[in-house]
Amino acid sequence: MGFLDGDIVNICPNDTRGEIVVIDGLQIQLPAVPAHEEILFGDKPIDEQMWERVELPAALAAIDSEDEWDEQPKEFKAKYEPYVEREFIRRKNGLWFYNNGTPTYITGKHYMFLQWSKFDFGYPFFIQPQWKLFIHWEACRVDPRSFGQIHVKNRRAGWSSMATAELVDEATQTYESWFGMLSKTNDDARDVLFKDKVVTIYRNYPFFFKPISDSNSDPKSELTFREPASRKKKKTVKESGALNTRIDFKATKTNSYDGAKLKRLIHDEAGKWLLPNDIWKNWQVTKKCLIDRTRIIGKCMMGSTVNPMNQGGNGFKKIYYMSDPSQRDPVSGRTGSGLYSIFIPAYETVILDKYGRSVVDDPEKPFISIDGESLNYGGKTFLLAQRDSLKGNSDDYAEEKRQMPFDIDEAFMDFNESSIFDIVKINEQMFYNNELEERPYTEGRFHWIDGRRFGDVMFIPEKNGPWQVSHFLDAEDRNQYYEKGAHKYPVNDWLGVAGVDPYKVDATVDGRGSRASMHIVTRANMKYPSSTCIARYNSREQTAALAYEQMLMASIFFGVPMLIENNVRRMIDKLEEWGYMGYVLKRPKALTPKTSRNVTQYGIPMNSEDIAQAHAHAIQAYVNKHVGLDTETGEMGSFYFNETLKDLIAYDIKNRTKHDDSISLGLALLGLQVQPREEKKVTLSKPIVRRYDNRGSISRTSR
């Protein structure tokens, strides 16, 4: 048992070689199928073959402890010893049973879950999704390279019950060990995991699986398997030897279990830790609890549905994506996190037939479900109907997807209950961007050509540069302006508008502060992609003036005017000083009070409730039409800047200070309401995407 050549993990306790299954990229070799007579339920008709728990014989159920067993007559023990020994063998090796004619292997851990782990709902059914989880867990458990399993789950998948059953099984047969649990809150760890599950499972074990314990009948925080003081005084009673093992839980803190040496750790609801507690940082702590020098000595079961990214989801997502078994350290053979990831689509878990098998697609004829109902639909149809009923409410629709995900992208869908934008479309766009083979933009910085300040501008690629540019203009359209009086004016106002959220203070006491942001969005036109955000800037330069200069250079390069938030007038003053007031748009008439229309206002204030609402409505309309999947055409939007999309999800209209990207994008959209000087006549051609290759030259590809 262990891993073989080609990263195949053999989970057979007796090292037989059977079928190889692949679960979420992990190759797992099952035991060889035994002879027919060694497979349970082979004597039943095929349609009656299914998992069935066998009750403990009444005579054994009446025995509460090993002491009572020792006091039984020899004849009694001789009769039931084979039964007890068989249960220990099944606990170790697992077993095979026929399930509607199919030989099916369950691990020892899975057997203990089904046969001997009682919960408030009773004993579990055999179901296929949990079979996958137990097979995957067994591979994690026996593979010396693995720290354990991380499971992104859906709502009410039963994973917490599985994890606690595994922990109790292991703890009740292991010497001198510490078994720990963490959840999203201290109360969850205590009530949901420890009291409702661990203690209940242990209480209902048959006596032969119960080690000596000095815990009282209702332990509150710790279950210990030590010799009780009262038992030590009974000289006539044979001492069987205590395990000196304990099960406990800790408060939900970043440093929980720091310095401990753990045999097993349950990380339940790991995607829901709220700041200041951090699941990513805690995993760096608890991971060290499972290793002795370089040897892994303990295992972790980590599982959760996923909170929004800023409410615990981000750290869990980071761990999950570092747990791909196909991406290993070439020296240790371990994944980046040490764990192995597993995700099971929700549509495999909701509709099950009476044999516990997933019914994903609609069947040809009705079938009897695991709950005894006659059904004629599968899991996908059921969940899609749930989604359709919520489509009128973007928040509820997004939450349903996140709680019952079809794929891993939906599981990690970011979410903000107070968001005023379409979360589903924004997430669709982010997932699409992440899956593109090539990065859809070029990072870099603008520079004055030949160092001649306030002349022509060029763009130079730069790793981690402050600019992200997805589309470049033809050479004849760059650096186009005209002069009128003391100021220069852009020629390409037919192309689009830049929205600018500047900042005023060069530095703050703590070295932080808001950032300057700019987005350029195109108008409907015949030469370049229409209604497309083609450039994004977000940076905090050493001085505010440097940021202003970068944004001016972009406007010169693309030849577009800027609508600038004028709560901070310092940038507009600088542009006037530099001779570029022609690049500053005036406040749109539609957003100017009647009493102020005779007064020229450059830029636009964002401290007006009317303008804040108009700004938000402009973004809403843009997201609905140009971001995410267009259900009419089946095409995906071309908004490639995920950091801006994340900012839109988190956007709070009542507290806009931190949302630089959202502000500047919305200003660009408001700026498009200002009609261009005159429509420029251009030659019709296919939209061109231009990216810089690694030599700094421009490459051209038709979209």
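M458 lies in strand β19 (residues 457-461); strands (E, at least two residues) and helices (H or I, at least four) are DSSP runs, numbered from the N terminus. The model is predicted: local features need pLDDT of at least 70, side-chain atom pairs count only at pLDDT 80 or more, and totals for chains, interfaces and linings use all residues. Residues are numbered from 1 along each chain as its sequence is written, and side-chain values use heavy atoms, with hydrogens and water left out.

M458 is partly exposed, at 32% relative accessible area. Here buried means under 20%, exposed over 50%, and partly exposed in between (1.4 Å probe, protein chains only).

Follow β19 into its sheet. The sheet is open, with seven strands in the order β19-β18-β20-β25-β24-β23-β26 and mixed pairing. Two strands pair if DSSP finds at least two bridges between them. β19 and β26 (562-564) are the edge strands, each pairing on one side only. The twist averages 25 degrees from one strand to the next. Axes are lines fitted to C-alpha atoms, for helices over the stretch in contact, and angles run from 0 to 180 degrees between N-to-C directions. β23 (residues 496-501) runs parallel to β26, joined by three bridges. V500 stands opposite I564 in β26.

Now the other sheet. Seven strands form an open sheet, ordered β9-β10-β8-β11-β14-β7-β15, again with mixed pairing. β9 (222-225) and β15 (339-343) have a single partner strand each, so one side of each lacks a neighbour in the sheet. The twist averages 10 degrees from one strand to the next. Helix α6 (residues 159-171) packs on this sheet and makes about 165 degrees with β11. Parallel strands β8 (residues 178-182) and β11 (residues 264-268) share four bridges. M181 has I266 of β11 as its bridge partner.

Last, a loop. M606 sits between α16 (570-578) and α17 (609-626). M606 is buried, with a relative accessible area of 3%. Beyond neighbours within four places in sequence, its contacts (heavy atoms within 4.5 Å) include E565, N567, H615 and R656.
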